[in-house]
Amino acid sequence: MTANHSNEDGETVLQQDKTQFAEPLSELSRIDTHEKNALPIGTTLEDYEIIDIVGWGGFGIVYLADDNLGRKVAIKEYMPTSLARRIDTSTVNVISKKYEDTFLAGLRSFVNEARLLAQFDHPSLIKVFRFWEANGTAYMVMPFYQGKTLKETLHNMQEPPEEAWLKFLLEHLLDAIDVLHKAHCFHRDISPDNVLILPNRKPVLLDFGAARHVINDMTHSLTVILKPGFAPIEQYGEIATLKQGAWTDIYALAAVIYLAISGKTPVPSVSRVVSDTLVPLGELGKEKYSKQFLEAIDKGLAIRPEDRPQDIAEFRKLLGISQTPATQYQPAELPPPLTQRKKFRKIALVSGIMCLLVASVVLYNSMTVENKQPDSAPEHISEKPSGADTTLVDRKFTPLIALNEIFEKRDIRHAVSVLVNKTKLRIGQDSLNIQINSTKSGYVYLLMAGSNQDDLWLLFPNKIDSMNRIEAGISLTIPRPDLWALPASGPPGINHFVIIVSTNQRDFSAAGLTHIGSYAKFPYQEAQHLYSNHDGYLPLFAGKEVCQETVKDACSGSFGAAFFSIEEID
């Protein structure tokens with residue numbers, strides 16, 4: 001292992017035989033394996049055994065691990081050292097009650113980021129294999145990447161790269177960023193440090209760091225988040241006329257190319273507003289690069305957002321780069337964003353990769369914790385917390401939107417984990433087997449959004465098996481083999497699932513649940529109508545908690561939940 005070095009932005013990058021892991025954490029540094037905040041070597045996490053501690057930063061720990069097939073992976077653990085500590089060999093606990101809101105907001109952001117990335121499958125985006133919550137924190141499993149950052153690669157070059165090399169780089173990065181933008185997600189932190197060049201010369205976009213951005217914002221550390229020279233003016237504050245969007249990432253990407261060609265970081269955008277001293281690439285690189293290419297980069301670096309290309313397609317056209325046939329990656333559809341109160345908008349403005357949905361959900365969840373608003377009792381299930389605006393911008397409904405809404409409104413303190421026998425099932429041959437664990441006792445509900453986009457089912461409990469009670473710390477396996485099965489019956493595609501664990505039983509009749517044979521279904525047309533007219537705080541398709549009215553505080557309205565997907569193949 002080579003010595004660590006710090007980059008000019010104050011971040012430290014760990015290298016091991018020129019290996020970069022899935023995310024270069026802020027202030028990453030080598031740590032002692034006996035450090036109390038790190039899991040011991042040999043610890044088993046789900047199906048993975050920790051074999052080394054790769055790096056430790058202010059917001060998380062990265063471990064090298066073997067999976068049950070002997071493959072090496074990187075596991076990132078959410079561990080903000082300024083807010084929490086490990087109180088035994090595994091459990092993470094907040095240092096002080098006053099830090100709980102910030103810790104939970106970061107944890108929600110970490111999990112939502114992992115869930116978002118798990119839906120993408122693009123070679124230039126980080127792939128998340130799995131994620132789960134345990135030990136009072138959360139984990140995500142990623143590939144073990146080898147390569148050098150673009151910053152290191154450029155530093156080692158004796159002269160500026162050729163135009164063909166830069167276009168090859170941009171071709172793949174534009175494809176990856178376009179996938180994000182089509183899912184209404186924006187990176188907001190593109191820089192030379194956050195692009196990894198693999199041995200095959202292809203780039204991977206790194207350092208999403210949503211939890212880091214949320215925590216820094218809640219502790220007023222704006223300067224830690226933004227990278228001067230790569231952050232456009234709209235990221236520096238709430239200016240009503242300067243909105244963030246695809247053009248925000250285009251500015252940062254153009255700034256990366258400016259550095260590659262000129263050898264200098266662009267003048268910070270806040271300085272350019274007062275006096276624009278940035279020398280255009282049209283002048284600096286005209287001896288080596290084509291006029292069209294340089295003019296496109298200069299346009300991407302325009303100070304005002306409306307003067308830049310408005311989307312990736314426009315930027316591609318200006319650069320003279322066509323879309324590659326490989327760009328066929330479509331993420332699962334995500335729910336619409338939620339409108340938020342003005343006091344919480346800054347978090348979205350300075351966050352790293354944030355789907356509009358993810359940013360607003362994270363903000364909304366942290367808002368309800370901060371204001372100490374209790375979940376409504378069942379008779380008040382449609383009421384909103386005081387002072388909260390939960391109006392949906394777009395009431396479009398799909399079954400996957402319903403599942404996402406359930407997962408995002410879960411109680412983060414109630415951890416639910418799921419193990420499945422296979423993530424790909426062969427139609428007509430395989431069956432799904434699910435092992436569920438919960439940190440609280442309660443009742444289990446399994447909902448599925450089918451691959452045909454119209455089906456929303458309640459698969460468990462059902463008419464065959466109604467024993468859905470689970471005890472804290474004791475696994476529940478479904479289906480019970482002596483009673484029923486969940487065979488892969490097609491059509492081919494991805495099925496999405498949510499497991500709900502509720503302290504009390506839940507009633508789904510208000511959501512239009514209809515029994516069909518042994519199982520129950522939410523008819524699409526009725527579900528669409530109910531959803532478009534529902535303005536309740538709790539998700540409609542999570543059901544209404546059935547409580548004992550004679551027992552004081554018997555109902556909290558909250559529930560734990562886990563989200564997973566299974567692909568059916570021929």
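## Overall make-up

Of the 570 residues in the chain, 57% are buried, where buried means under 20% relative accessible area, exposed means over 50%, and partly exposed lies in between (1.4 Å probe, protein chains only). This is a predicted model, in which local features need pLDDT of at least 70 and side-chain atom pairs count only at pLDDT 80 or more, while totals for chains, interfaces and linings use all residues. Residues are numbered from 1 along each chain as its sequence is written, and side-chain values use heavy atoms, with hydrogens and water left out.

The secondary structure comes to 14 helices and 28 strands; helices (H or I, at least four residues) and strands (E, at least two) are DSSP runs, numbered from the N terminus. Among contacts in the chain with a separation of 6 or more, 69% are between residues 24 or more positions apart, contact being defined as heavy atoms within 4.5 Å.

Helix α9 (residues 291–300) has F293, L294, A296, I297 and G300 buried. Seen down the axis of α9, these buried residues fall within an arc of 160°, so they line one face of the helix, the arc being that of the directions from the helix axis to the C-beta atoms. They pack against α3 (163–182), α6 (246–262), α8 (281–284) and α10 (312–319).

## Nonpolar cores

A nonpolar core is here a set of buried Ala, Val, Leu, Ile, Met, Phe, Trp, Tyr and Cys residues joined through side-chain atoms within 4.5 Å. The largest such core has 113 residues, and those with the most contacts inside it are F103, F293, I297, L319, F522 and F541. Helix α6 gives the most to this core, with 12 residues. A second, separate core of 25 residues includes L446, W457, I470 and F497.

Leaving aside neighbours within four places in sequence, F541 is in contact with F397, A402, I406, L447, L456, F508, A511, F522, A527 and Y531. F541 also belongs to one aromatic cluster with Y445, F508 and F522.

## Aromatic pairs and charges over rings

Rings of Phe, Tyr and Trp (its six-membered ring) pair if their centres lie within 6.5 Å, with planes under 30 degrees apart counted as stacked, over 60 as edge-to-face and the rest as tilted. By this rule there are 12 aromatic pairs. The rings of F460 and W484 have planes at 10° and centres 5.8 Å apart, so the pair is stacked. This pair links distant parts of the chain, 24 residues apart, with F460 in strand β20 (residues 456–460) and W484 in the loop between β22 (476–478) and β23 (493–502). F460 is buried at 0% relative accessibility, and W484 is buried with a relative accessible area of 5%. W484 pairs with Y519 as well, with centres 6.1 Å apart and planes at 55°, so that pair is tilted; Y519 lies in strand β26 (residues 519–521), 35 residues from W484.

A charge sits over a ring if NZ of Lys or CZ of Arg is within 6 Å of the ring centre and within 35 degrees of the ring normal. R115 lies over the face of F563, at 5.4 Å from the ring centre, and the charged end of R201 sits over the ring of F168, 4.6 Å from its centre.

## Backbone details

| Peptide bond | Form | Omega |
|---|---|---|
| I478 to P479 | cis | near -5° |
| G490 to P491 | cis | about 0° |

Two arginines have a positive phi. For R188, phi is near 65°; this residue is found in the loop between β12 (185–186) and β13 (195–197) and counts as buried at 9% relative accessibility. For R201, phi is near 80°; R201 lies in the loop between β13 and β14 (203–205) and counts as partly exposed at 46% relative accessibility.
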